[in-house]
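Here is a brief report on one protein structure. Take a look at the sequence and the fold, then read on.

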Amino acid sequence: MQRSDNGLWGLPGGYVEPGESVVDAARREVLEETGFRVEVGRLVGVYSDPATQVIEYADGRRVQAVNLCFEALALETGPPTTPEETLAIGFFDAEALPEPFVPIHGIRIADATAGGPARVR
């Protein structure tokens with residue numbers, strides 16, 4: 001998906017809501033941002049490296065995110081429920097990703113295509 005906040009292409013995602021599992025959050029975020037209902041599969045990796053996971057907000061708050069990346073199978077599509085977050089949606093070969101692409105999401109795609117056990121970075 002192409003993000004509306006910065007114009008970069010990347011993977012859909014977001015935060016876990018109180019009372020929600022990570023799998024339910026993954027399903028919800030993909031549906032909200034892309035309109036796709038998905039079946040969540042293998043855990044690709046857990047990403048917490050401060051070099052890439054510290055986020056500084058405009059109001060001065062700094063947080064360190066821990067991201068979990070899952071493989072998912074698209075089952076059906078409908079309209080996104082948060083279309084203001086998304087400029088465009090597409091499926092692309094891992095070797096031909098659109099530009100500009102979120103750099104840390106490229107690492108997650110490489111981990112996914114490598115297969116094997118979940119990576120911890």
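Three strands form an open sheet in the order β5-β2-β7, with mixed pairing. Its edge strands are β5 and β7 (119-120), each pairing on one side only. Strands are DSSP runs of E with at least two residues, helices are runs of H or I with at least four, and both are numbered from the N terminus. Two strands pair if DSSP finds at least two bridges between them. Strand β2 (residues 36-47) and β7 run parallel and are joined by two bridges. Val 46 has Val 120 in β7 as its bridge partner.

The model is predicted: local features need pLDDT of at least 70, side-chain atom pairs count only at pLDDT 80 or more, and totals for chains, interfaces and linings use all residues. Residues are numbered from 1 along each chain as its sequence is written, and side-chain values use heavy atoms, with hydrogens and water left out.

**Salt bridges**

The whole structure holds 11 salt bridges. The term means a side-chain nitrogen of Lys or Arg within 4 Å of a carboxyl oxygen of Asp or Glu. Three of them are listed here.

| Pair | N to O distance |
|---|---|
| Glu 17 and Arg 28 | 4.0 Å |
| Arg 28 and Glu 29 | 3.0 Å |
| Arg 62 and Glu 56 | 3.6 Å |

Salt bridges with shared partners join Glu 17, Glu 20, Arg 28, Glu 29 and Glu 32 into one network. Which of these pairs are buried or exposed? Arg 28 and Glu 29 are both buried. Arg 62 is exposed at 57% relative accessibility, and Glu 56 is exposed at 53%. Glu 17 is partly exposed at 41%. Here buried means under 20% relative accessible area, exposed over 50%, and partly exposed in between (1.4 Å probe, protein chains only).

**Thr 86**

Thr 86 sits in strand β6 (residues 86-88). Thr 86 counts as buried because its relative accessible area is 13%. A polar atom of its side chain lies 2.7 Å from the backbone oxygen of Glu 33. Leaving out residues up to four places away in sequence, Thr 86 touches Met 1, Gln 2, Ser 4 and Glu 33. Contact means heavy atoms within 4.5 Å.

**Val 66**

Val 66 lies in the loop between β4 (62-64) and β5 (67-77). Val 66 is exposed, with 53% relative accessibility.

Methods:
Polar contact = N/O pair within 3.5 Å; in protein donor to acceptor, adjacent residues only side chain to side chain.
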